Amino acid sequence: MLVRRITRPLWNSLKIERRFLASEPTKPEPQVSDGVDPAQAEALDKDICLLVDEKDNFIGTATKRDCHKVAEDGSVLLHRAFSVFLFNKRGDMLLQRRSSNKITYPDYYTNACCSHPLYIDDKPEDVITAARRRLNYELGIPLKQMDPEMFTYLTRIHYHDPGDGVWGEHEIDYVLFFQADVKVKPNSDEISEYCFVPKNEFNAFIPTLEGPMTPWFNIVRRHRLKLWWDNLHRIKELAETDKIQKFLRDKE
């Protein structure tokens with residue numbers, strides 16, 4: 001956990017910003033027959049995601065449910081997504097833990113916000129518009145603090161992960177960087193814990209996590225994060241918006 005009573009010496013040696021609970025403890029939600037949280041279940045059929053081909057061309061739509069169900073052969077529909085990496089003005093990165101209510105990768109650690117542009121008003125939603133919408137919904141960041149020009153679109157990552165064999169991912173994922181001091185008030189249905197981690201303490205911090213990392217975050221962490229984090233001051237110069245990086249079998 002990111003938020004806990006800590007006695008281990010390692011935590012005393014790190015200068016990581018104070019850990020936060022996403023919200024005050026709440027009474028247990030009523031159980032549903034299929035084991036899926038009601039709010040998450042509603043989004044499964046309400047949210048219409050964008051199907052794409054391997055060149056990221058929009059080819060159709062499907063529900064969030066259909067986009068994350070793993071077929072008998074292990075395949076998952078390829079759809080468009082985004083991942084926002086949020087840094088404060090000091091350059092510390094927001095790391096969160098996905099709520100246990102999440103259908104895909106519950107209790108996994110990941111970057112600030114990972115979601116999908118949707119099909120809204122008979123057209124595909126712009127990725128940065130979707131990112132602002134979800135940052136507001138998941139982390140409670142006011143829209144007025146997120147000017148679209150503040151986002152840097154770096155590249156796209158094509159990855160496939162079968163998850164738990166029932167729910168998985170197959171995405172072309174737009175990687176967005178955003179740096180600002182913003183007000184954060186997480187939605188506990190989405191995020192159970194978060195903290196800001198300084199760059200020079202990140203490598204020591206990762207082994208202390210009490211759960212796995214999401215596949216998309218792990219791919220970026222292993223292959224690009226250090227380069228990008230070291231160059232926040234000139235991040236736009238490192239953008240490769242014409243490329244799609246493939247990591248279809250990337251594992252630890």
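I take helices and strands as DSSP runs, numbered from the N terminus. The model I am working from is predicted.

**Entry 1: overall make-up**

I counted secondary structure and found seven helices and 13 strands in the protein. Buried residues account for 52% of the 252 residues. I then looked at contacts between residues at least 6 apart in sequence, and 72% of these join residues at least 24 apart.

**Entry 2: the largest cavity**

I searched for cavities of 30 Å³ or more and got four. The largest cavity has a volume of about 190 Å³. Which residues lie nearest its centre? They are Arg-98, Thr-104, Cys-114, His-116 and Glu-169, out of 22 residues that line the largest cavity. I sorted this lining by class and noted eight nonpolar, six polar and eight charged residues. I also noted the elements that supply at least two lining residues each: helices α2 (38-46), α3 (64-68) and α4 (127-139), and strands β4 (79-87), β7 (113-115) and β11.

**Entry 3: helix α4**

I listed the buried residues of α4 as Val-127, Ile-128, Ala-130, Ala-131, Arg-132, Arg-134, Leu-135, Glu-138 and Leu-139. An α-helix has 3.6 residues a turn, so residues three or four places apart point the same way. The cover over the buried residues of α4 includes β4, β5, β7, β10 (151-161), β11 and β12.

**Entry 4: salt bridges**

I searched the whole structure and found 14 salt bridges. I looked up three of them.

Glu-190 and Lys-102 meet through their side chains at 2.6 Å, N to O. This pair links distant parts of the chain, 88 residues apart: Glu-190 is in the loop between β11 (169-179) and β12, and Lys-102 is in the loop between β5 and β6 (109-110). Are these two residues buried or exposed? Glu-190 is buried because its relative accessibility, 5%, is under the 20% cut-off. Lys-102 is also buried, at 9%. Arg-134 and Glu-138 are among the buried residues of α4.

Glu-193 forms a salt bridge with Arg-97, with the closest N and O atoms 3.9 Å apart. Here too distant parts of the chain are linked, with Glu-193 in strand β12 (residues 191-197) and Arg-97 in strand β5 (residues 93-98), 96 residues apart. Both Glu-193 and Arg-97 are buried.

Asp-92 and Arg-90 form a salt bridge at 2.9 Å, N to O. Asp-92 is buried, with a relative accessible area of 8%, whereas Arg-90 is exposed, at 62%.

**Entry 5: positive phi**

Most residues other than glycine have a negative phi. I noted two residues with a positive value.

Where does Tyr-105 lie? I placed Tyr-105 in the loop between β5 and β6. Its phi is near 55 degrees, and Tyr-105 is buried, with a relative accessible area of 6%.

Asp-122 has a phi of about 65 degrees, although it is not a glycine. I found Asp-122 in the loop between β8 (119-120) and β9 (123-124). Asp-122 is exposed, because its relative accessible area of 67% is over the 50% cut-off.

Notes: Residues numbered from 1 in each chain as written. Predicted model: local features only at pLDDT ≥ 70, side-chain atom pairs only at ≥ 80, totals over all residues. Heavy atoms only, no water. Salt bridge = Lys/Arg side-chain N within 4 Å of Asp/Glu carboxyl O. Buried < 20%, exposed > 50% of the residue type's maximum accessible area, 1.4 Å probe, protein only. Helix = DSSP H or I, 4+ residues; strand = E, 2+ residues; numbered from the N terminus. 1 Å grid on protein atoms, 1.4 Å probe; cavity = no way out; pocket = protein on both sides within 12 Å on 5 of 7 lines; lining within 4 Å. Points joined across faces, edges and corners; volume = space filled by probe spheres on them. Nonpolar A, V, L, I, M, F, W, Y, C, P; charged D, E, K, R; others polar. Contact = heavy atoms within 4.5 Å.
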